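User: I am new to this structure. Please show me how to read its features, one at a time.

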Amino acid sequence: MNRVDYGFAILAIFFKCGYNANVDAFNTLINGYILQENTAEAVTLFLRLTKDGDIIPDEVTYGTIIKGLCKLGNTTMAVELVRSMQKSHCMPDVVIYSTIIDSLCKDGNVDDALGLLSEMRESDVMPDVVTYNSVIDGLCKFGRQMDATRMLSDMVEKNISPDVITYSMLVDAFCKEGKTTEAEGVLAIMIRRGEEPNVVTHNALMDGYCLQGHMDKAKLVFNSIVDKGLEPDIHSYSILVNGYCKRKNIDEAFHLFREMACKGLKPNTVTYSTLLQCLFTLGKCNVADSLFHKMLRRGPKPDIVTYSILLDGFFKNHEVVKAVEVFRSMQNHEVVKAVEVFRSMQECGITPNIAVYSILINGMCKAGKIEDARNVFSSISAKGLKSNVKTYTALIGGLCKEALLDEAEELLLQMEGDGCPPNDVTYNIVVWAFLKRGDKHKVMILLQEMINRNFSLDSSTMATLFHDSDYLKMIQNLVSRDGKTKS
């Protein structure tokens with residue numbers, strides 16, 4: 001049921017009936033808090049019970065609390081609890097040590113993990129394959145492959161059999177360093193010791209060959225997966241697609257892309273982004289555009305990398321209109337991503353045009369990020385660009401949405417001074433805002449200005465005005481002057 005509150009209620013009944021709860025009952029409650037990811041409450045309960053002497057914690061109590069602390073990355077307190085265990089003659093077991101060692105490695109404190117590993121041995125607690133795998137993984141992630149290999153030898157000497165995870169981590173680490181020969185050596189040891197490589201192991205070796213441009217070797221590894229009765233996964237295909245794309249072999253990459261669909265595998269964002277990058281490099285913008293729209297129809301959802309590739313590719317291939325279309329589609333649904341892509345464009349030396357700035361400001365205003373929109377608007381002139389009617393109207397719309405009408409009106413006047421006269425869309429936005437405020441005097445002034453400029457009202461503004469007799473005469477003038485209203 002995962003309801004700790006019910007547990008406490010039942011415990012209260014026990015106490016009322018004169019029963020004393022034992023450590024097992026409290027262990028269950030503490031574990032309930034951990035399962036609910038409420039480690040703080042679990043620690044509070046643990047400290048209160050131990051301080052009051054209500055219970056004497058056992059290995060399960062300490063282990064549960066330590067597991068929760070390590071999940072939060074609080075290895076300092078976890079180690080302190082180990083010291084408390086030792087003082088109370090409740091010795092930590094291999095699971096407790098392994099939990100902390102794994103957490104230390106994940107936090108990048110590999111040397112501390114190695115120190116705790118030595119302490120285990122000195123305390124006659126023998127590390128198991130899980131302990132070693134945590135340390136080997138930590139060493140590999142920090143480029144200490146040789147130390148990881150020595151750890152593998154240490155395992156074997158102590159009659160602890162490495163598993164497929166152990167070997168796969170080492171193969172992957174060597175391949176990422178470009179040391180495929182060493183990776184092959186690890187694979188040979190693995191097979192010699194009777195451990196069969198799995199898809200993850202093969203993927204790691206394939207990736208290593210692709211990174212070095214050895215596509216023939218990579219394809220042989222891929223084929224061997226099938227020959228051994230294993231099924232290549234999405235990662236297997238993505239690795240090969242990436243390898244062929246880096247060699248600009250788009251035909252082979254697309255062959256694999258289509259094969260994925262035939263196998264019932266759905267290409268992920270990485271696969272699509274890789275293909276798009278290659279297509280733009282080859283100048284195949286139309287194919288890239290078609291692939292992107294297929295991605296939008298079928299999924300997965302494009303991420304920041306995908307959008308960055310699209311904008312960069314279209315701009316560099318002088319397809320400005322398509323780049324602007326992509327950016328517009330982003331701001332309609334992904335304002336945060338649009339801002340990130342906008343910044344990455346600038347960092348890459350790509351100068352956004354005024355259309356992109358206008359879209360970004362409009363998206364920010366719709367998302368209620370008016371201060372950000374102001375800042376972007378203010379930066380436009382420094383970029384050597386000139387705001388157009390869409391840029392001004394976007395910001396005016398945002399100001400009106402936030403009821404900052406005085407500032408919106410000032411910007412309306414500024415447009416004229418900057419040689420960018422407002423259009424009927426701009427006026428309709430401002431009129432609607434003053435209508436909402438109930439400022440009839442200002443509405444009448446703006447309506448007169450619209451008549452003078454031969455602008456027409458949109459249908460929603462017109463409908464609102466029709467409900468007030470004070471505006472009817474002005475509306476009649478507008479209608480008779482323009483002959484129709486925009487809808």
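Predicted model: local features only at pLDDT ≥ 70, side-chain atom pairs only at ≥ 80, totals over all residues.

User: Where does His318 lie, then?

Analyst: His318 sits in the loop between α18 and α19 (320-333). Its phi is positive, about 60 degrees, although His318 is not a glycine.

User: Is His318 buried or exposed?

Analyst: Exposed means over 50% relative accessible area. His318 has 68%, so it counts as exposed.

User: Which phi value does Asp124 have?

Analyst: Phi of Asp124 is near 60 degrees, a positive value in a residue other than glycine. Asp124 belongs to the loop between α7 (110-122) and α8 (129-141). Its relative accessibility is 69%, so Asp124 is exposed.

User: What kind of peptide bond runs from Gly299 to Pro300?

Analyst: Read omega for that. Between Gly299 and Pro300 omega is near 5 degrees, and the bond is cis. Pro300 is in the loop between α17 (285-298) and α18 (304-316).

User: Now the whole protein. How many helices and strands does it have?

Analyst: The protein has 28 helices and zero strands.

User: What share of the residues is buried?

Analyst: Buried means under 20% relative accessible area. Of 487 residues, 45% count as buried. The accessible surface is about 24800 Å², with 53% of it belonging to carbon and sulfur atoms.

User: How do I read the contacts?

Analyst: Look at sequence separation. Among contacts between residues at least 6 apart in sequence, 59% join residues at least 24 apart.

Methods
Residues numbered from 1 in each chain as written. Heavy atoms only, no water. Helix = DSSP H or I, 4+ residues; strand = E, 2+ residues; numbered from the N terminus. Buried < 20%, exposed > 50% of the residue type's maximum accessible area, 1.4 Å probe, protein only. Contact = heavy atoms within 4.5 Å. Areas by Shrake-Rupley, 256 points an atom, 1.4 Å probe, with all protein chains shown as cover.
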